[in-house]
Amino acid sequence: MRSKKKNSKMFVISMVLLPFLISFPSLASGQTYPDKPITLYCGYAAGATTDLTTRALAKGAEKLLGVPVVVENKAGGASSVCAALVASKKPDGYTLGVVDSFGSLTARPHLISPPYKPLEDFTFIVQYGLYIGGICVLAESPIKTIEEFVNYAKAHPGLSYGSAGMLSRGHIAVELFAKCKGLTLKHVPFKGGAPANTALLGKHTDFVAGVGQHIQYVKQGVFRMLMVFSAEKRDPYFPLIPMAKDLGCEDVPPNQYIMVGPKGIPEPVYQKLNEAFKKVINGPDFQKVMESFNLPLEYKDKLQLEKEMAAQYEWYGSFLKKMGVKK
């Protein structure tokens, strides 16, 4: 009889507690997470710097999280394809993605209609680095500094430059600089940074608005970088090269490497992910990878990214509206 009463009492207690357990899944998920492999999608193709840095992050995080972190490439739409996939997944911490802020969160959403809301459909896990841009001429050019470039451009209106495409970050940055200095330039858009660099190598353009791939040519001594753009502080690998802001000109916002998850990842799960990837980012192995590509390393957490992405989204919206650009 006592056994039946005891079982009945336990049943009543369990039924009372059940709604609370259901209401707070983060308690359980935080304690047991992770207990299976994590999929980390990369917004760019295999072999790109985004892909290689993503794989370095995954390798380091596996040791800390105790489960495989499997990298899969989902290239397309300047990482917006990857972002759309991540946004559609369950927010349990087992599906993440690495995207660039310009392509999927702040600028391109004003130009296209992605199947997600860039400021509402994601949990920002961590930022680990920056894409730095720069104005470059051939190393054989007699132009040695950005001041000489400005003087030459004023004396020779219509200098041509290549960029990664119409309304790409490089295009916007150079147009802001041209407006600031009163220059008349000719924009030649290409389908990516690589062909824009090739055009300069072939002397089909006068300079290039590099957005990452130009660095290899600068390191090889083929290009001379005159100015850094899309940067809040000087590039640590090229500390003597001035930024647009050093020259008194408005700059295009930074473009960040950001890891995102679906909106609604429980706080304990976010904390575990953030702590693990932060340790990797601050570790010597990952820093060597970033240094090998001359990529500035810069960590930021969820709260910082939420604030910055909102400000950048608003900046691009205002800028494109002034330009008369519509979706």
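Predicted model: local features only at pLDDT ≥ 70, side-chain atom pairs only at ≥ 80, totals over all residues.

Colleague: In what order do the strands of the open sheet run, and how do they pair?

Modeller: The general idea is that strands pair through backbone hydrogen bonds, either parallel or antiparallel. Here, 6 strands line up as S2-S1-S3-S10-S4-S11, with mixed pairing. At the edges sit S2 (69-73) and S11 (297-300), each pairing on one side only. From one strand to the next, the twist averages 20 degrees.

Colleague: Which strands does helix H3 touch?

Modeller: H3 (residues 49-65) packs on the sheet, touching S1, S2, S3 (95-100), S4 (122-131) and S10 (255-262). Its direction makes about 165 degrees with that of S2.

Colleague: On to the largest pocket: how much space lies in it, and how many residues line it?

Modeller: About 810 Å³, with 30 residues in the lining. Nearest its centre are Tyr 44, Tyr 131, Gly 193, Val 211 and Gln 213.

Colleague: Which elements supply the lining of the largest pocket?

Modeller: H3 turns up again: along with H5 (101-106), H9 (214-219) and S10, it supplies at least two residues. H9 gives the largest share, 3 residues. By type, the lining divides into 14 nonpolar, 11 polar and 5 charged residues.

Note on methods: Residues numbered from 1 in each chain as written. Heavy atoms only, no water. Pairing = 2+ DSSP bridges. Helix = DSSP H or I, 4+ residues; strand = E, 2+ residues; numbered from the N terminus. Axes fitted to C-alpha atoms, helices over the stretch in contact; angles between N-to-C directions. Contact = heavy atoms within 4.5 Å. 1 Å grid on protein atoms, 1.4 Å probe; cavity = no way out; pocket = protein on both sides within 12 Å on 5 of 7 lines; lining within 4 Å. Points joined across faces, edges and corners; volume = space filled by probe spheres on them. Nonpolar A, V, L, I, M, F, W, Y, C, P; charged D, E, K, R; others polar.
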